[in-house]
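Please look through the structure shown here.

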Amino acid sequence: MGNRKKVFVSGCYDMLHSGHVAFFKEASCYGDLYVGIGSDATIMELKNRMPVYSERERLYMVKAIRYVTDACINTGSGMMDFVETVDRIKPDVFVVNSDGGSDVKREFCHERGIEYVELERMPDDGLEARSTTSLRLGVRSQLPYRIDIAGTWIDQPYVSQYAPGWAITASIEPNHEFMERGGMSTSTRNTARKIWPYELPPYNEEMMARLLFCFENNPENQGHISGAQDAIGICMSGLTRHYYDNRYWPEKIESVHDEVILRWLEEHLCILPMFPRRQGLSVIEGRDITVDKVRDLAAAADRCWTAIMGCDLKAFASAFADSFSAQIAMFPAMIQPGVGEFIEAVKKSGALAWKMLGAGGGGHLLVVLPDGAELPDRAIPVKIRR
């Protein structure tokens with residue numbers, strides 16, 4: 001073994017798969033294989049997301065592969081995070097995949113007298129070709145969506161400055177791929193995927209919501225601030241209400257996880273897709289915000305919450321409808337061409353109440369159903385995240 005060459009490879013090795021193992025196997029034919037692994041900080045720097053597996057987990061898995069002599073976490077940063085590792089190990093051969101090679105790496109090896117080898121990406125016998133990118137594209141995100149039930153818009157200070165009040169949201173399971181620009185807070189959800197690519201970690205939910213809100217709303221950016229109800233609705237499970245008083249972050253947050261209440265709500269709500277809000281549409285144009293209108297919005301949200309807590313369907317439908325009416329009174333541009341006709345059809349179907357999700361202008365309609373009603377055509381059931 002003492003006469004065998006040292007071989008070095010480097011990579012992130014997140015979502016370890018058979019392609020990585022085949023690469024290690026082929027590289028080990030050149031000698032004893034040493035692997036440098038990108039740190040969590042490096043992955044965040046290069047890919048603007050956290051890894052699926054922590055550096056400790058990735059190190060553990062790579063070391064367990066029989067073709068690997070030893071492995072370590074690279075201490076550098078960026079695309080050349082392995083420089084210090086190479087200078088310490090002093091390999092004879094540096095091996096890369098053909099799509100991971102570069103003139104910079106080739107020159108780096110030339111300067112140190114290290115043989116530089118590029119390998120074609122080849123699966124082992126009988127296996128499919130694998131890459132982390134292809135796996136990521138094929139994995140469906142399990143991040144939740146949010147629905148806003150009442151009090152929408154009051155999370156914006158330019159609304160709550162007139163009167164304080166609650167917004168009510170629920171975090172729902174991703175049992176359907178909802179359209180973009182459809183009131184389901186997909187923009188905030190897409191931002192969340194940069195932090196947590198596939199699912200929320202088991203951390204404090206309010207702290208995750210704060211993190212997501214701050215991550216999405218860069219203080220150096222000018223213009224619209226995405227409301228806190230989006231981050232809270234995604235990150236906080238169950239049914240949640242949050243109290244706004246002329247600030248971006250709520251003064252109070254209350255959550256309900258009572259199974260009887262959540263099941264009752266699921267039985268009486270469904271989502272109907274309409275059409276995406278058109279590009280360039282500003283639903284805040286022509287807004288008419290007054291103290292009385294914001295108080296109407298806040299009062300409807302209060303009644304809505306009380307009705308849900310008591311599983312009172314008649315009171316819930318009335319408050320739900322009033323909350324939507326209060327939104328439209330302040331932001332009439334929410335009702336764009338085609339929306340009114342869609343709502344009329346829903347009204348004729350026997351629905352008790354309805355409202356557009358999010359800022360309106362199109363997207364999805366949240367509908368209150370009578371007791372025992374079957375789901376309308378194309379309706380998507382609501383499954384609240386426990």
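**Strands, a loop and a pocket**

Strand S10 and strand S13 (residues 380-381) run antiparallel and are joined by two bridges. Here helices (H or I, at least four residues) and strands (E, at least two) are DSSP runs, numbered from the N terminus. Two strands count as paired if DSSP finds at least two bridges between them. Strands of a sheet pair through backbone hydrogen bonds, either parallel or antiparallel. The model is predicted, so local features need pLDDT of at least 70 and side-chain atom pairs count only at pLDDT 80 or more, while totals for chains, interfaces and linings use all residues. Residues are numbered from 1 along each chain as its sequence is written, and side-chain values use heavy atoms, with hydrogens and water left out.

Is S10 buried or exposed? Five of the five residues of S10 (residues 269-273) are buried, so the strand is largely enclosed by the rest of the structure. Buried means under 20% relative accessible area, exposed means over 50%, and partly exposed lies in between (1.4 Å probe, protein chains only). Both faces of S10 are covered, with Leu269, Ile271 and Pro273 buried on one side and Cys270 and Leu272 buried on the other.

Next comes an open sheet of five strands in the order S3-S2-S1-S4-S5, with parallel pairing. Its edge strands are S3 (70-73) and S5 (115-119), each of which pairs on one side only. On average, neighbouring strands of this sheet are turned by 25 degrees against each other, direction ignored. Axes are lines fitted to C-alpha atoms, for helices over the stretch in contact, and angles run from 0 to 180 degrees between N-to-C directions. Strand S1 (residues 6-11) and strand S4 (residues 93-97) run parallel and are joined by two bridges, and phenylalanine 8 stands opposite phenylalanine 94 in S4. Helix H3 (residues 55-63) packs on the sheet, touching S2 (32-37) and S3, and its direction makes about 170 degrees with that of S3. Contact means heavy atoms within 4.5 Å.

Another open sheet has four strands in the order S6-S7-S8-S9, with antiparallel pairing. S6 (145-150) and S9 (252-256) stand at its edges with a single partner strand each, so one side of each has no neighbour in the sheet. Five bridges join S6 to the antiparallel strand S7 (residues 165-172). Arginine 146 has serine 171 of S7 as its bridge partner.

Asparagine 204 lies in the loop between H8 and helix H9 (205-216). With a relative accessible area of 49%, asparagine 204 is partly exposed. Its C-alpha atom is separated by 28 Å from that of leucine 16, 188 residues apart along the chain.

The last stop is a pocket. The second largest pocket is lined by 27 residues, of which Trp153, His224, Asp230, Arg277 and Ala359 lie nearest its centre. A pocket is an open set of points, on a 1 Å grid over the protein atoms alone, where a 1.4 Å probe fits, with protein on both sides within 12 Å along at least five of seven lines; lining residues have an atom within 4 Å of a point. H8 gives the largest share of this lining, three residues.
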